[in-house]
Amino acid sequence: MVKEKSFWAAPGNRNMLLFFTAKLASILGSGMYTFVVGLYILKLTGSGSSFAVTMVCGMLPRIVLAPFAGVMADRMNRRRLLIYSDLGAVLTLLLAYLTVSLNGVTLPPVYVTLVLLSVCSTFYGIAVSSSLLQLVEADSLQRAGSLNQIAGSIGGLLAPVLGGMLYATVQLELFLLLNAAGFAVSTLMSFGLKFKPAANSDASAHAHKPLPDKSAGRTVLTEFRSSLAGGISYVFKKPVIRSVMIIVFWVNFFVVSLNVVLPYAVVQTLSLSSGQYGTINAMLAAGMLAMSLLLTVRRQSSSPTSSLIRGLLMLGLLFLALALPLIVDLSRTGTFIYLMAMLFMVGSTVMNINIPVQVYLQKTVESAYLGRVFAVVETASGAIAPAGMILYGVLVDSVPPSILLGVSGLSILLVTWLGSRSLKRGIGQEVTQQRESAVQLPT
């Protein structure tokens with residue numbers, strides 16, 4: 001009688017469970033630290049500007065270092081990069097514990113710890129994004145990508161709750177040790193991951209070649225610049241990937257209106273309470289979580305670019321719909337329920353865009369370039385966000401929020417229309433390139 005294989009006997013299933021646990025522990029650790037430290041800073045200084053600095057400390061390293069993280073992910077063993085990133089977070093928190101124990105809670109070590117954790121998170125995130133195809137089979141990519149997003153959504157929902165409980169019950173020193181233990185769990189899970197050999201072994205062998213100290217006058221920095229330039233060149237030589245990156249860049253510029261205009265509209269214009277706004281905002285994460293769960297069981301899309309266009313069209317329409325309570329007179333309860341439903345749909349739509357795009361990149365980008373391609377896309381999407389926040393922040397004081405949300409929705413629809421035409425041209429160009437390559441192959 002043939003013995004049935006257990007769930008854990010399949011390497012892909014085992015990897016997904018270990019990966020999910022590691023990602024959840026990592027997200028919870030960084031999220032709780034940012035939340036708790038923000039409260040400590042407010043208690044210590046009573047300054048809103050000091051609190052705002054914590055947001056910058058968390059955001060800036062990701063924007064600046066993502067390209068370098070992409071180069072490292074392509075030039076070294078990605079499993080090691082995952083482990084080193086988590087070990088770096090553990091070491092950072094232990095050093096913070098020693099500093100706080102010896103000198104008390106002061107701002108400089110808190111900010112330095114935030115920056116270092118953000119650096120570790122950046123390298124960890126790029127390593128994860130570029131490793132999925134080495135962890136699971138190609139037909140399980142959507143499920144793995146969904147689990148990646150589920151871990152992020154659950155971590156985003158639980159981090160403030162658990163962080164608030166710990167803030168009220170334990171001292172910062174003990175919290176730092178508990179947080180270090182969480183990252184240690186993530187490290188142990190990463191040790192258990194089994195990576196398949198990367199496809200395109202020749203390119204991968206070249207990509208994972210260690211950086212030389214000096215070689216014919218070429219310094220390590222020169223090697224990094226050359227490798228990064230190679231990644232950017234690769235993106236721009238791929239018409240479809242280039243079009244996707246440009247679409248993501250401009251859509252993110254208009255999507256940030258959700259972070260700036262919506263809070264102002266809900267609290268100032270619609271006169272809902274801050275508690276109601278918190279509930280409305282939580283529905284965004286709930287929608288992301290729900291769609292991520294759905295995509296773990298739904299069949300993988302055969303045309304991710306079509307999913308991208310459909311999702312962006314829906315997103316533009318939802319932004320237009322968000323302006324409705326600012327134009328039509330609804331009761332406060334009706335407005336509250338309506339906005340909860342809209343934010344839930346926005347969250348689910350965002351996941352229905354992100355995951356198919358990630359699957360497409362995993363399946364089409366050569367393994368030797370995956371880290372740099374994800375880094376370029378992440379940098380492009382993240383770099384434009386601060387500019388959008390500043391613009392909307394200036395405009396919201398003088399322009400009605402209904403107009404800003406409406407213009408954002410129309411702009412997303414316009415970018416989608418132009419982007420769909422560019423994608424069609426790109427697909428045609430890539431088909432032509434593949435045919436020409438097939439003709440040139442020796443018989």
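Ser186 lies in helix H7, where helices (H or I, at least four residues) and strands (E, at least two) are DSSP runs numbered from the N terminus. At 0% relative accessibility, Ser186 counts as buried, a class defined by under 20% relative accessible area, with exposed meaning over 50% and partly exposed the range in between (1.4 Å probe, protein chains only). Leaving out residues up to four places away in sequence, Ser186 touches Ala22, Ala25, Ser26, Asp86 and Tyr124, contact being heavy atoms within 4.5 Å.

The model is predicted: local features need pLDDT of at least 70, side-chain atom pairs count only at pLDDT 80 or more, and totals for chains, interfaces and linings use all residues. Residues are numbered from 1 along each chain as its sequence is written, and side-chain values use heavy atoms, with hydrogens and water left out.

**Chain overview**

- The chain contains 17 helices and 2 strands.
- Of its 443 residues, 47% count as buried.
- Among contacts between residues at least 6 apart in sequence, 87% join residues at least 24 apart.

**Nonpolar cores**

- A nonpolar core is a set of buried Ala, Val, Leu, Ile, Met, Phe, Trp, Tyr and Cys residues joined through side-chain atoms within 4.5 Å.
- The largest such core has 85 residues, and those with the most contacts inside it are Ile241, Leu258, Ile280, Leu315, Leu339 and Leu361.
- Helix H15 (residues 332-364) supplies the largest share of this core, with 15 residues.
- A second, separate core comprises 27 residues, including Leu24, Cys57, Val90 and Ala151.

**Leu258 in helix H11**

- Leu258 lies in helix H11 and, at 8% relative accessibility, counts as buried.
- Beyond its neighbours within four places in sequence, Leu258 is in contact with Pro263, Leu284, Phe319, Leu322, Leu343 and Val346.
- The C-alpha atoms of Leu258 and Asn281 are 9.8 Å apart in space, the two residues being 23 apart in sequence.

- Thr335 is found in helix H15 and is buried, with a relative accessible area of 4%.
- Not counting residues up to four places away in sequence, Thr335 touches Leu270, Leu272, Pro325 and Leu330.
- Leu326 belongs to helix H14 (residues 324-327).
- With the same exclusion of residues up to four places away in sequence, Leu326 touches Ala265, Thr269, Leu270, Pro401, Ser402 and Leu405.
- Leu326 and Leu270 are 56 residues apart along the chain, and their C-alpha atoms are separated by 7.3 Å.
- Ser271 is found in the loop between helix H11 (257-269) and helix H12 (274-297), and its 44% relative accessibility places it in the partly exposed class.
- The phi of Ser271 is near 60°, a positive value in a residue other than glycine.
- Most residues other than glycine have a negative phi.

- On a 1 Å grid over the protein atoms alone, a cavity is a set of points where a 1.4 Å probe fits but cannot get out, and lining residues have an atom within 4 Å of a point.
- Grid points are joined across faces, edges and corners, and a volume is the space filled by probe spheres set on the points.
- By this rule the count comes to 1 cavity of 30 Å³ or more, and the largest cavity has a volume of about 50 Å³.
- The lining of the largest cavity is formed by Tyr33, Val37, Ala96, Val100, Pro109, Val110, Thr113, Leu172 and Leu176.
- Helix H1 (11-45), helix H3 (78-103), helix H4 (107-129) and helix H7 (172-191) are the elements that give two or more residues to this lining.
- Helix H4 gives the most, with 3 residues.
- By class, the lining has 8 nonpolar, 1 polar and no charged residues, where Ala, Val, Leu, Ile, Met, Phe, Trp, Tyr, Cys and Pro count as nonpolar, Asp, Glu, Lys and Arg as charged, and the others, Gly among them, as polar.

**Salt bridge**

- The count comes to 1 salt bridge, defined as a side-chain nitrogen of Lys or Arg within 4 Å of a carboxyl oxygen of Asp or Glu.
- Asp74 forms a salt bridge with Arg78, and their closest N and O atoms are 2.8 Å apart.
- Both Asp74 and Arg78 are buried.

Conventions: 1 Å grid on protein atoms, 1.4 Å probe; cavity = no way out; pocket = protein on both sides within 12 Å on 5 of 7 lines; lining within 4 Å.
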